[in-house]
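Subject: Structure for your review

Dear colleague,

Please find below the structure that I am handing over to you. My notes on it come after the display.

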Amino acid sequence: MEEGRDYTPEEFEAMFASQEGSNRNEEVEQGEEEEEAGGSKPSGKVSYVWKYYEKVPVPNKPRHFRCVCTVCRDIKKIMKSYAWSIGTGFGSMSRHLRNDHGITASGVGSQTQTQLSGFMSEQAGGGKPFFYSQKNMIDHMATFVNLEELPFTYGESVNLENFNRLALQPSYSHVNRHTLKDRTMEQYKEQKKELIAYFANFDGRVALTSDTWTSKQNNPFMCVTVHWIDNDFFLQKRIIAFDIMEEKHTGYNIYLRLKKTLDKFNLTKKLFSISFDNASANTKCIDYVLQMDDLLLNGDLVHVRCCAHIINLSAQEGLAFLAPLLEPIKTCINWTRNARSMKTQWKTLCDKHGLRNKQWGTDCATRWNSTYKLIKQALRYKNVLTEFYNSHQRDEDAMIDNSMWTIAANIYAKDKGESSSSSSVTTKSARFDDQLHSILFRRTQSSSSSTSTLATKELDDYLTHGVDTNDTDFNILLWWKARSIQFPLLSKIARDVLVVPASTVASESAFSAGGRVLDDKRSRLAPPTVKMCVCKRDWDLAKIRRQGAKEFDPLEADEIVATDASSGN
C-alpha cells in the first residue's frame, strides 16, 4: 500500500469524470473478482473498507487504482486518497478510517459505530448520515472553549472524557491543551484572512472606537473596534486589534497603532470617524489622523467624542454639590455591611418603621446612574436613615436634617425642561443640509456633471419629502434599504453616517472580555494568545448574531414605499 495524496472535491470529480464510465466499472468488477479468487479472503467476502472508498482505475496500469475516501467527501473536507493494487492489503486505508473518522470493522453495527444511518441532520450534514471524526470534534471544541471563555486544559479533563465515552461517543479521545490552542490559532488566522479580504472589496466607510486598558497583571492593552453597515443594511462590529502597548501612551504612538491596524485590514482609505474618550492623548492622536488622505470634508467629521464620558463628567460636577447628603447615606450603608452590632440596630429600626431590612446596592463613581438609584432607594428609608445616622453623631452640624432630604427629592423628581427654539432647530437643520451637499459633492466629484446634477436632485427630493417616524417599530436601516433604489447615492451615505457610534462602549465591553480571559486561572497567557481569544470570540459571536438577525423581505419594502406614496412622503 502506497501513502497517497489529498484531493479537493473538485479535483476528485475531475479525475473521476476523466475515466470512461463503462470501462471503469468493468475494471472495478474484474478487480473484485480477482481479489476474491486470488486473495487471502474467502470467496464472496469483501473488506469493510470498500464501503467508505471509491476506486478510480489508474490509466495504463491494469489492476492498479486510486482509492478516495468517501467519508471525507461527504463532510466536505480534503479527501484522502491511496494507491492500491489487487492482491495488496488495506492497512493505510483502515488506519485513516479509524484515526480520522473513528470507523472500525468491529464498530460497524455495534456499540462503537460512528455512522448513524438513521440520523439526519440538516445543520450538520444537510440530511446525510452522521460520521464521527476526531479532527472535526477538535475544530468544534476549539470554537466552543473560546466562546465559553474556558481554559485550553478543558479538553484534557478526565471527567469530560468519561462523560463523552459513556454517554455520547465511545471513540472520543481527550484533546491536549497544546492541540486545542494551536487549532484555535489556526481558526483565528483563517478568519482574519477572510475579514481582510472582505474589507478589501467593501465599498463603504467604517467607524472606529478605540481605548486603552490595563489588566490585573499590569499589562497595558489597546483595543480597536470597527463598525460598518453591510450591503444588506445590517449593523456590523468586529474587534480587529487587542494588542499590548508597552510604549508610552502618547498621541503619536496611539496614531501609529491605529494606522498599522487600518493598513493591515485595508481600511486606510475607508475611514469615516473615530470615537475616543476625552483623554488628551486621544485628542492629540486626531491631529495626526487629520493628516491622512481620503478623509471626508477634510476630516471635519472624523473626531467623535464619547458621549458617555461627557455625560459622566457633567453628572460628576453636579454630584459634587450633593456630598453633604450622599456621604451620610454611604456611611450608614457601610455600617450596616461591616459592623454586626450596627446590623442588629438597623434591622430593629426597619421593623419599627414597618420596612423590610434593606440590602443596599453599591454606589460606583463612574456609574452616576447608581447614585440616582441610591437616592431613589434612600427616600423610602429617609426616616430610618436619619434616626440611624444621627444616633451615632455627637456634632449636631454633622447630622442629617429635612433640608437634605428636600434636595434629594428635587433631584429625583423629573425635570421636564424646555425644547429648543424653532430658530435654533432651523439653523442646525440648514447646517446639516450643507454637510450633506458637501458629502454628495465628494462622492460625485470624479463623475460627470450629469451625475452631480442627479445627485443634487436626489438630495432635494429627500429633503422635500422627509421621513415619517410615527411608527413605533420604525427601523431606520430597513427604511433606507427599502429606498436604496429611489435614493441610490443617499442610501450609501446613510450607511456611512448611521454607523458612527456615539460612545466607546464597544471597546469597554472588549476590556470586560479581556478581563475574563486573563482571570486568575489564565494570568500567564501571552499577549498574542489574549488577542486571539478576544478577537476570535467576538468574530464567532458576530456570526451567531448575523444568523439570528431578521432577514429583509422585499415585499415588506414594497409595502413601506406604497405606504409612503399614499401618505405623500
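This is a predicted model: local features need pLDDT of at least 70, side-chain atom pairs count only at pLDDT 80 or more; totals for chains, interfaces and linings use all residues.

Residues are numbered from 1 along each chain as its sequence is written, and side-chain values use heavy atoms, with hydrogens and water left out.

**Cavity**

Rolling a probe the size of a water molecule over the atoms shows where empty space is left. A cavity here is a set of points, on a 1 Å grid over the protein atoms alone, where a 1.4 Å probe fits but cannot get out. Grid points are joined across faces, edges and corners, and a volume is the space filled by probe spheres set on the points. The largest cavity holds about 30 Å³ of space.

Its lining consists of Met222, Val224, Ala241, Asp243, Arg257 and Thr261, where a lining residue has an atom within 4 Å of a point. At least two lining residues come from each of β8 (220-229), β9 (235-244) and α8 (251-264). Helices (H or I, at least four residues) and strands (E, at least two) are DSSP runs, numbered from the N terminus. By class, the lining has three nonpolar, one polar and two charged residues; Ala, Val, Leu, Ile, Met, Phe, Trp, Tyr, Cys and Pro count as nonpolar, Asp, Glu, Lys and Arg as charged, and the others, Gly among them, as polar.

**Helix pair**

The axes of α8 and α9 (residues 280-289) come within 7 Å of each other and cross at roughly 55 degrees. Axes are lines fitted to C-alpha atoms, for helices over the stretch in contact, and angles run from 0 to 180 degrees between N-to-C directions. The two helices, α8 and α9, are therefore oblique to each other (angles under 35 degrees count as roughly parallel, over 145 as roughly antiparallel, 65 to 115 as roughly perpendicular and the rest as oblique).

**Loops between elements**

Met245 lies in the loop that joins β9 to α8. With a relative accessible area of 0%, Met245 is buried (buried means under 20% relative accessible area, exposed over 50%, partly exposed in between, with a 1.4 Å probe and protein chains only).

Phe233, in the loop between β8 and β9, has a positive phi of about 60 degrees although it is not a glycine. Phe233 counts as buried at 10% relative accessibility.

Asp294 also has a positive phi, near 65 degrees, and is a residue other than glycine. Asp294 sits in the loop between α9 and β11 (303-305) and is partly exposed, at 34% relative accessible area.

Ser171 belongs to the loop between α6 (158-168) and α7 (177-201). Ser171 is partly exposed at 26%, and its C-alpha lies 9.2 Å from that of Arg98, 73 residues apart in sequence.

Yours sincerely

Note on methods:
On a 1 Å grid over the protein atoms alone, a cavity is a set of points where a 1.4 Å probe fits but cannot get out, and a pocket is an open set with protein on both sides within 12 Å along at least five of seven lines; lining residues have an atom within 4 Å of a point.
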